[in-house]
Amino acid sequence: MLVRDNMDTRHFRTLFISDVHLGSKAAKVDFLLDFLKHHDADTIFLVGDIVDGWRLKRSWYWPQDCNDVVQKLLRKARKGTRVIYIPGNHDEFLRDFPGTHFGGIEVAERMMHETADGKKYLVLHGDEFDVVVRNARLLAYLGDWAYDMAIMINIGLAAIRRKMGMPYWSFSAWAKLQVKHAVNFIGEFQRVVADEARKHGADGVICGHIHHAVMEDMDGIRYINTGDWVESCTAIAEHQDGTFELIEWRSMSGIQPIPMAIGHREKEVAPQAA
Ligand SMILES: [Mn+2]
């Protein structure tokens, strides 16, 4: 663990941010603004749930600092940063616009990212696997066919709920109610997402959704979760050499927020037999 002061701007090859939930009062927008001020990258991935469309639909809450975040990202895009927006379930209105650009920001359902050292990482938000996690035991029993079917049905149901204006069923809210099993849910989520990466021939996966930042090995697949800006204030950074770092951008003082980065840079992970 290393602690840095907040004077310098760090430039990375890639930055991954997710689950900001702009439009929700819980979003730690001032911390994100400060983070964006001190961090730059060649490419920035917004890994879903950046804007909380469902919250905004219920009651409009959009203070100036939400605009500041959007403007900061647009400015970075204008100055040459490639910004890719991968929608999540809370900003799924953007899923109707895959392949489009707005203000220099690309929208994509998911993407294969290649690191500086030639590793392939599947980048996706992760909500499509909620149904698998909830019914893990049953689906394991029924096999691959039921597994693929469950994901298709889940995507279909989400689209219908969206058209009808019904809120997306929330995995994290549901998991919180089942505290006793929460660790199992996280483990199960990591496993199914890693399986998806394996299916696509990737070395790893970078996702968000469950608000639990971590870099971990799942049977030879590197599982990386970006965390959130509601509680943990975390981001994932790729250095110029392809190594990843989990950054926690937190206030270390109660009165005057002085955000600082606590970096957890990965060690070289010995490849395991898949
Ligand atoms: Mn989500």
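Which side chain meets that of Lys199 in a salt bridge? The partner is Glu196, at 3.9 Å from N to O. A salt bridge here is a side-chain nitrogen of Lys or Arg within 4 Å of a carboxyl oxygen of Asp or Glu. The model is predicted, so local features need pLDDT of at least 70 and side-chain atom pairs pLDDT 80 or more, while totals for chains, interfaces and linings use all residues. Residues are numbered from 1 along each chain as its sequence is written, and side-chain values use heavy atoms, without hydrogens and water.

Lys199 and Glu196 both lie in helix α8 (residues 182–199), 3 residues apart, about one turn of the helix. Helices (H or I, at least four residues) and strands (E, at least two) are DSSP runs, numbered from the N terminus. Lys199 is exposed at 51% relative accessible area; Glu196 is buried at 8%. Buried means under 20%, exposed over 50%, and partly exposed in between (1.4 Å probe, protein chains only).

The structure holds 12 salt bridges. One of them joins Arg82 and Glu106 at 2.8 Å, N to O. This pair links distant parts of the chain, strand β4 (residues 82–85) and strand β6 (residues 105–107). Arg82 is partly exposed at 41%, whereas Glu106 is buried at 16%.

A manganese ion has the protein donors Asp49 (OD), Asn89 (OD1), His125 (NE2) and His209 (ND1), 2.1 to 2.3 Å away. Donors are N, O and S atoms within 2.8 Å of the metal (3.2 Å for Na, K and Ca); water is not among the atoms, so sites may look incomplete. Both His125 and His209 are buried.
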